Amino acid sequence: MRPRFPPTSIVSINFHRNAYAPSYPVYSIIKDATHVLHPQTAARFESRPKQGLWIRVSANGFAGKATVRRWVRRRVREAVREELKVRGVNFDGMTAENIGGKELKGTMELFVKKEAVAAEWSNVRAELGKVVEAVVAMAERKT
């Protein structure tokens, strides 16, 4: 069953609960054993600790200047960081006292929509707050 997230106008969400998925560039290198970067990329991915919450933000879905895409990615990442902090969770999905003895696990991919560029900071925080709340609720429901 795919997790349900509240509708948002600034990001699309892909969440892999209890699974650690590589980004698309890393995945494409790992699956091609003949790629020149395959050995070190595969080793780096395998040695990465599979714990906490991996958060990936992508803004490649809309055309625009690279500086704008980087800025909006930083903006969304910071909003997620602040919303996690409000709920007592650090950016890695770990808490000092954990959420009912649980940690946030998995990979959360956020694909930024062009509407996020013009959105006010309070709207960005509010919409991503709902997403973070849904992720925290999933961690409370199931380990």
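1. Ground rules. The model is predicted, so local features need pLDDT of at least 70 and side-chain atom pairs count only at pLDDT 80 or more, while totals for chains, interfaces and linings use all residues. Numbering starts from 1 along each chain as its sequence is written, and side-chain values use heavy atoms, with hydrogens and water left out.

2. Helix 1 against helix 2. Two packed helices are described by the angle between their axes and the distance between the axes. Here helix 1 (residues 24-31) and helix 2 (residues 38-47) have axes that come within 9 Å and cross at roughly 120°. Axes are lines fitted to C-alpha atoms, for helices over the stretch in contact, and angles run from 0 to 180 degrees between N-to-C directions. Helices (H or I, at least four residues) and strands (E, at least two) are DSSP runs, numbered from the N terminus. Helix 1 and helix 2 are therefore oblique to each other (under 35 degrees is roughly parallel, over 145 roughly antiparallel, 65 to 115 roughly perpendicular, and the rest oblique).

3. Who touches whom there. On the helix 1 side, the contact (heavy atoms within 4.5 Å) is made by Val26, Ile29 and Ile30, and on the helix 2 side by His38, Thr41, Ala42 and Phe45. By class, these contact residues are five nonpolar, two polar and no charged. For the classes, Ala, Val, Leu, Ile, Met, Phe, Trp, Tyr, Cys and Pro count as nonpolar, Asp, Glu, Lys and Arg as charged, and the others, Gly among them, as polar.

4. Searching the whole structure turns up six salt bridges (a side-chain nitrogen of Lys or Arg within 4 Å of a carboxyl oxygen of Asp or Glu). One of them joins the side chains of Arg56 and Glu109, at 2.8 Å from N to O. Arg56 sits in strand 2 (residues 53-58) and Glu109 in strand 3 (residues 106-112), so this pair ties together parts that are 53 residues apart in sequence. Glu109 counts as buried, at 11% relative accessibility (buried is under 20% relative accessible area, exposed over 50%, partly exposed in between, with a 1.4 Å probe and protein chains only).

5. The network around Glu83. Have a look at Glu82, Glu83, Arg87, Arg125 and Glu133, which are linked in a network of salt bridges. Glu83 pairs with Arg87, their closest N and O atoms being 2.8 Å apart. Arg125 also forms a salt bridge with Glu83, the closest N and O atoms here being 2.7 Å apart. Glu83 counts as buried at 8% relative accessibility, whereas Arg87 is partly exposed at 26% and Arg125 is partly exposed at 23%.

6. Phe91. This residue lies in the loop between helix 3 and strand 3. What does Phe91 contact, leaving aside its neighbours within four places in sequence? The partners are Leu53, Ile55, Arg77, Val80, Arg81 and Leu84. Its C-alpha atom is separated by 19 Å from that of Arg70, 21 residues apart along the chain.

7. Two more to check. Arg17 belongs to strand 1 (residues 11-17) and is partly exposed, with a relative accessible area of 30%. His35 is in the loop between helix 1 and helix 2, partly exposed at 29%.
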